[in-house]
Amino acid sequence: MNKFVRVQEWLKEKGLDAFLITKGVNRYYMSGFTGSNGYLLLTSDNKYLLTDFRYKEQANEQANDCDVIIYKNGLFESLIDVFNKNNLKVIGLDKDDVTLALYEKLNEYVSEVIFVPEEDPCNNLRKVKSAQELKLLKQAVEIADKAYLHIMEYIRPGLTEMEVALELEHFMRKLGGSKNAFETIVASGKRSALPHGVASNKVINYGEFVTMDFGTVYQGYHSDMTRTLVVGESTAHQREIYDIVSKAQMKVIEKIKPGMKVCEADEIARKIIRDAGYGDNFGHGLGHGVGLEIHEQPILSPRNKTILEPGMVVTDEPGIYIPDWGGVRIEDIIIITNEGCEVLNNTPKVLCT
Ligand SMILES: [Mn+2]
């Protein structure tokens with residue numbers, strides 16, 4: 001079903017006359033407009049895109065099914081005008097995005113309208129991806145995959161974590177990625193016990209774990225992958241930890257399917273790690289949705305009861321982190337299919353270089 005129709009139904013359910021989208025990715029999702037400034041007002045029968053003079057042509061071209069309004073005397077004047085013309089009285093605001101400053105100002109300028117804090121309905125719609133979105137996500141993943149294949153050849157003792165991060169980032173940009181999906185993590189030796197150890201000046205030594213977590217953005221869509229390897233020869237303990245994480249990660253791929261609650265998917269990996277005696281060393285959720293944002297719904301935590309549906313795109317990224325020793329995380333992006341899942345990443349998951 002058309003996403004605007006879904007929002008119209010949602011407005012009716014909530015008893016709202018309109019919803020004001022303030023968050024950039026949701027503005028893009030509902031209008032196609034890529035400009036950095038603007039508000040999108042969704043009413044029961046129309047979409048109004050309010051933006052400034054710089055984006056006049058771009059907005060009319062990209063958001064061709066919206067009424068484009070270019071502010072003349074500022075955003076508030078234009079908003080009041082639309083509210084009045086459409087007799088809008090009860091308007092939902094994005095409670096995760098609207099600042100107190102904006103909320104105060106809206107109330108000050110338009111006292112006759114009631115503003116209701118709501119979750120932006122787009123966050124929910126974005127969980128299930130369209131064919132076009134899947135295509136772009138696959139391209140973002142492919143770029144990251146190719147960068148990792150390159151880094152497997154490139155990495156060697158004596159390089160710093162930052163040098164490895166830069167090489168990954170440079171390679172992804174050359175392949176068409178527009179920017180890094182997030183701050184690149186390259187964590188070696190004891191630092192690999194830090195789940196979010198962004199690349200530092202530390203030199204990578206022979207025999208150390210190196211955890212690399214990185215991704216790119218392709219036409220707005222994010223990739224996110226993690227591999228852990230040992231530069232040189234691994235120890236029995238390193239192999240033991242790696243094998244547990246690998247088994248947990250693969251078991252999720254084997255078992256995850258639509259109809260399952262996300263907490264049940266999390267438990268597949270968590271049980272394996274717990275049974276191996278490392279339950280306390282896996283302190284984060286199994287993964288997260290990924291798309292226009294690097295972290296989006298559904299969040300795969302042990303507490304989330306959201307039901308998995310075909311077309312959802314999530315990460316599968318269990319880890320074990322042992323303070324003052326090191327850690328392992330392995331992460332792929334998967335699509336929930338009608339039967340189970342499809343893994344988007346193609347790069348090998350092997351311990352040694
Ligand atoms: Mn991730």
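**Pocket, domains and manganese site**

In the predicted model, the lining of the largest pocket draws at least two residues from each of three helices, namely helix H1 (3-14), helix H2 (24-31) and helix H7 (131-154). Of the elements that contribute, H2 gives the most, with 4 residues. The lining comprises 21 residues in total, and those that lie nearest the centre of the pocket are Lys3, Tyr29, Ser130, Glu133 and Tyr221. The volume of this largest pocket is about 400 Å³, and its lining divides by class into 10 nonpolar, 5 polar and 6 charged residues.

Because domain 1 and domain 2 both give residues to the lining, the largest pocket lies between them.

For the protein as a whole, 10 helices and 19 strands are found, and the C-alpha atoms fill a box of roughly 70 × 40 × 35 Å when taken along the principal axes. Of its 353 residues, 55% count as buried. Among contacts between residues at least 6 apart in sequence, 65% join residues that are at least 24 apart.

The manganese ion has as its protein donors Asp224 (OD), His288 (NE2), Glu317 (OE) and Glu331 (OE), which lie 2.1 to 2.4 Å from the ion. Along the sequence, these donor residues follow the spacing D-x63-H-x28-E-x13-E.

Asn281 is located in the loop between helix H10 (262-275) and E13, and a relative accessible area of 18% is the reason why Asn281 is classed as buried. When residues up to four places away in sequence are not counted, Asn281 touches Gly319, Ile320, Tyr321, Ile322 and Pro323. Lys190, in the loop between strand E8 (185-188) and strand E9 (209-214), has a relative accessibility of 53% and therefore counts as exposed, the cut-off for exposure being over 50%. Leaving aside neighbours within four places in sequence, the contacts of Lys190 are with Asp324, Trp325 and Gly326. Between Lys190 and Ala140, which are 50 residues apart in sequence, the C-alpha to C-alpha distance is 30 Å.

In helix H4 (residues 75-85), the buried residues are Leu75, Phe76, Ser78, Leu79, Ile80, Val82 and Phe83. Asn87, which follows H4, has a positive phi near 50°.

Notes: Residues are numbered from 1 along each chain as its sequence is written. This is a predicted model: local features need pLDDT of at least 70, side-chain atom pairs count only at pLDDT 80 or more; totals for chains, interfaces and linings use all residues. Side-chain values use heavy atoms; hydrogens and water are left out. Donors are N, O and S atoms within 2.8 Å of the metal (3.2 Å for Na, K and Ca); water is not among the atoms, so sites may look incomplete. On a 1 Å grid over the protein atoms alone, a cavity is a set of points where a 1.4 Å probe fits but cannot get out, and a pocket is an open set with protein on both sides within 12 Å along at least five of seven lines; lining residues have an atom within 4 Å of a point. Grid points are joined across faces, edges and corners, and a volume is the space filled by probe spheres set on the points. Ala, Val, Leu, Ile, Met, Phe, Trp, Tyr, Cys and Pro count as nonpolar, Asp, Glu, Lys and Arg as charged, and the others, Gly among them, as polar. Domain bounds come from an automatic or database domain assignment. Buried means under 20% relative accessible area, exposed over 50%, partly exposed in between (1.4 Å probe, protein chains only). Contact means heavy atoms within 4.5 Å.
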